[in-house]
Amino acid sequence: MTTQGMPSMDPRPSGLTIGIYDTYREAQRAVDYLSDEKFPVEHTTIVGNNLRQVEKITGRLTWGRALAAGVASGAWFGLFVGLLLGLFTSGNWLAALVTGVVLGAFFGLVFGGLGYAQSAGRRDFTSRTAVVATTYDVLCDFKFAEEARNHLAKLALKGEVSPRMPEQPLQTPLQQPHD
């Protein structure tokens, strides 16, 4: 269901590839350049290809680290709750704040320890996870593709980004590839 006057968001990418970039930052810079050149960027799409999940191991997880992380996160949450309670109390707001931090730290300690104990040594490390693409294609609607490629050629000449061009030559929608 779409709102009248609002374009629908079709998740399937369409259009011609006007540049292939090694990083998202380069693809984003290309579209930003098109925008700077007053190109109708609403006709472009950035598509990440060959997605993969990368997990970077950041350290070893021990009882001490698990409990310390639990205390820290619990204390932050307790600080938040204590501030809220302190706003609505007519008495000593500092006592509400300190109580929130102490209780939050205690419960964080308990839950951090329980969580680590439940892992039973199966995951004794900490990590960060990200989904990354190997390349990023910038696509453009057929009727604007040639103009977009001309703009991006100027950007490449400046040396800011260097796209790889697609294997196929630019075609208009009426042309069909020859078999």
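## Contacts, burial and rings in a predicted model

Q: What makes Gly-15, Leu-16, Ile-18, Phe-39, His-43, Thr-44, Ala-145 and Ala-148 contacts of Cys-140?

A: Leaving aside neighbours within four places in sequence, these are the residues in contact with Cys-140, where contact means heavy atoms within 4.5 Å. The model is predicted, so local features need pLDDT of at least 70 and side-chain atom pairs count only at pLDDT 80 or more, while totals for chains, interfaces and linings use all residues. Residues are numbered from 1 along each chain as its sequence is written, and side-chain values use heavy atoms, with hydrogens and water left out.

Q: Which residues have the most contacts inside the largest nonpolar core, and what makes a set of residues such a core?

A: Ile-18, Tyr-21, Cys-140 and Leu-152 have the most contacts inside this core, which has 19 residues. A nonpolar core is a set of buried Ala, Val, Leu, Ile, Met, Phe, Trp, Tyr and Cys residues joined through side-chain atoms within 4.5 Å. The elements giving two or more residues to the core are β1, α1, β5 and α4.

Q: How do you know whether Phe-39 is buried or exposed?

A: Its relative accessibility is 4%, and buried means under 20% relative accessible area, exposed over 50% and partly exposed in between (1.4 Å probe, protein chains only). Phe-39 therefore counts as buried. Across the protein, 28% of the 179 residues count as buried.

Q: Why is the pair of Phe-39 and Phe-144 called edge-to-face?

A: The ring centres are 6.1 Å apart and the planes stand at 85 degrees. Rings of Phe, Tyr and Trp (its six-membered ring) pair if their centres lie within 6.5 Å; planes under 30 degrees apart count as stacked, over 60 as edge-to-face and the rest as tilted. Both values pass, so the pair is edge-to-face. Phe-39 lies in the loop between α1 and β2 (44-49) and Phe-144 in helix α4, so the pair ties together parts that are 105 residues apart in sequence. Phe-144 is buried too, with a relative accessible area of 17%.

Q: What makes Tyr-24 and Tyr-136 an edge-to-face pair?

A: A search of the whole structure finds five aromatic pairs. In the pair of Tyr-24 and Tyr-136, the rings are 5.7 Å centre to centre with 65 degrees between the planes, which makes the pair edge-to-face. Tyr-24 lies in helix α1 and Tyr-136 in strand β5, so this pair links parts 112 residues apart in sequence. At a relative accessible area of 42%, Tyr-24 is partly exposed, whereas Tyr-136, at 14%, is buried.

Q: How do you know that the length of helix α4 agrees with its number of residues?

A: Helices (H or I, at least four residues) and strands (E, at least two) are DSSP runs, numbered from the N terminus. The expected span of a helix is 1.5 Å times one less than its number of residues. For the 17 residues of α4 (residues 142-158) that should give 24 Å, and the end C-alpha atoms are 25 Å apart, which agrees. The buried residues of α4, among them Ala-145, Ala-148 and Leu-152, pack against β1 (16-21), α1 (24-36) and β5 (135-140).

Q: Why is Ile-57 called partly exposed, and which residues does Ile-57 contact?

A: Ile-57 has 44% relative accessibility, so Ile-57 counts as partly exposed. This residue lies in strand β3 (residues 52-60). Apart from neighbours within four places in sequence, Ile-57 is in contact with Phe-125, Thr-126 and Ser-127.
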